[in-house]
Amino acid sequence: MSAYEREFGRVRLVEKIWERFDYTKSFPQLLGAATRFHRELATMPYIVDIITTNWDAFFEEECGAIPMVTGDDYALINFKGRKVYKIHGSINVISSLVATREDYNECLESLKGSALGGTLRHFIATRPVVFIGYSMLDPDFQDIYTALTKDLGKMNPKNYFVSPFPSEEAKRFGMKEIVTDGTFFLHKMKEKIVEHGCHLPDSVYHRAEDFFEKSLSARRAIRDINHTDLPGVLYGHFYLDGVLDATGRIRARRATGEYSDRHHVAELCRNYEKLLGNAIDRGRYDDAAYIEGYVSTLITLLLDDDDPDVPPYFCFTQRSIHDLEDFVRAARNLRRRNRSAFDKAVKISRDAGPDLIPMHTPFLDGVFD
C-alpha cells in the first residue's frame, strides 16, 4: 500500500480499494461469501459491541451496527443498538482509511489517547473478548493488542481466539484458543442458546415470510369484494395491513436480531394485547383489527410448529377464519353479532367512497393510555 501510494498517489489508492469493494458487491456469489459471517451474527442481538480492522461496511449493512470511526461519531455512543468500532477506518469515510505503513503507525499512536482507544481498552479490561477473523501472526494486530492491554497485567480478563488454524501466538498473548471456523462457531453458539429457550431459531424468519405470502393471497381474494355492500370486509383489510406491516418490520429488523429474542417478542405480544383491549373499549375497531393482524404475525415467531395454524382472514364475529367463504359469511353476520363494529365499518366505508379501499397506516396514536 505504501509503495502504491508513493507511485500513484492517495486518490488512486483509494480508488482501487473502492473498486474492489464495488466488484464484490456486484456479484451475489462473492457478496454472499463475504457476508456469510455477518449474516450469522446478525440474528444474535446480545452481541452489541464489535471491533474490526476491516474497511468494509458489512457490519453496518448486514448487522445493523452503528459505525464508530472518528471522534465525532461518539455523539452516537448512547444510541440504542449495536455498534461497530472501526480501528482502521471505513470505506464510507474515505479520509479515515488506514492503509499504508505510515497510516498504521499514526493509528497505533492515536489509539493510545483517542476516544476510540479508550473505549477499546475499557472493553478489554472489563469483559471477555472473542477474536474472530484475526491473524495472531499479523504484527499490526500484535502491536494494537499490546498497546491496549499494556497496563492490565494479570487483571486482563480471559480472552478467546477463534481460528481454523492452531496458533502458538494465542497462548503467548494469554488467550484461550478455539480451533474452528468463525461462522461455524457463531452457529453452534446460537444453537445452544436456542436449546435454552431464550433465542428463536433463524427459521422463524422463513415462517413469517410464509405467513406473509399466505396473507397476500388472502388480500387478492378479498380485493374485489365491494365494502359498500359488505362493510365488514374492511376489517379483513385492516387485519392484513397489520400482518404485512409486522412482516415488513421483522424483515427490516432482522439485521439487528431484535425478533430473535424470544422474551422480547413475547413482551411485544403482551403489550399489543393491552392496546387491543384499549382499541375495543374505545370503539376503534379499525385499530383493533390492525393489531390483531400484527399480533398474529408475531405469534408465528413463537410457535414451535414450522407451519403454524395462524388465520389469514379476520372479522369480529368469529375466530380463526382460514378461507374466503367463511370470511364472507362472518362479514355478513357482523351487523347481527357486533353492531358497534358494524356501524364503525359503515362510517369508514362511506367516508372512503366505493372506489377506494382504506388502508391502515402503522400508527396507533388513539389507543395509547
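Visitor: Where do aspartate 326 and arginine 329 lie, and how far apart in the chain are they?

Guide: Welcome! In this predicted model, both sit in helix α15 (residues 324–332), three residues apart, which is about one turn of the helix.

Visitor: What makes the contact between the side chains of aspartate 326 and arginine 329 a salt bridge?

Guide: The N to O distance is 2.6 Å. A salt bridge needs a side-chain nitrogen of Lys or Arg within 4 Å of a carboxyl oxygen of Asp or Glu, so this pair of aspartate 326 and arginine 329 counts as one.

Visitor: Why is aspartate 326 called partly exposed?

Guide: Its relative accessible area is 24%. Buried means under 20% and exposed over 50%, so aspartate 326 falls in between. Arginine 329, at 38%, is also partly exposed.

Visitor: How do you know that aspartate 181 and arginine 36 form a salt bridge?

Guide: Their side chains meet at 3.6 Å, N to O, and the cut-off is 4 Å, so the pair qualifies. This pair links distant parts of the chain: arginine 36 belongs to helix α4, while aspartate 181 is in the loop between β6 (175–179) and α10, 145 residues apart.

Visitor: What makes arginine 36 partly exposed?

Guide: Arginine 36 has a relative accessible area of 44%. Exposed would require over 50%, and buried under 20%, so arginine 36 is partly exposed.

Visitor: How many salt bridges are found in the whole structure?

Guide: A search finds 24.

Terms used:
Residues are numbered from 1 along each chain as its sequence is written. This is a predicted model: local features need pLDDT of at least 70, side-chain atom pairs count only at pLDDT 80 or more; totals for chains, interfaces and linings use all residues. Side-chain values use heavy atoms; hydrogens and water are left out. Helices (H or I, at least four residues) and strands (E, at least two) are DSSP runs, numbered from the N terminus. Buried means under 20% relative accessible area, exposed over 50%, partly exposed in between (1.4 Å probe, protein chains only).
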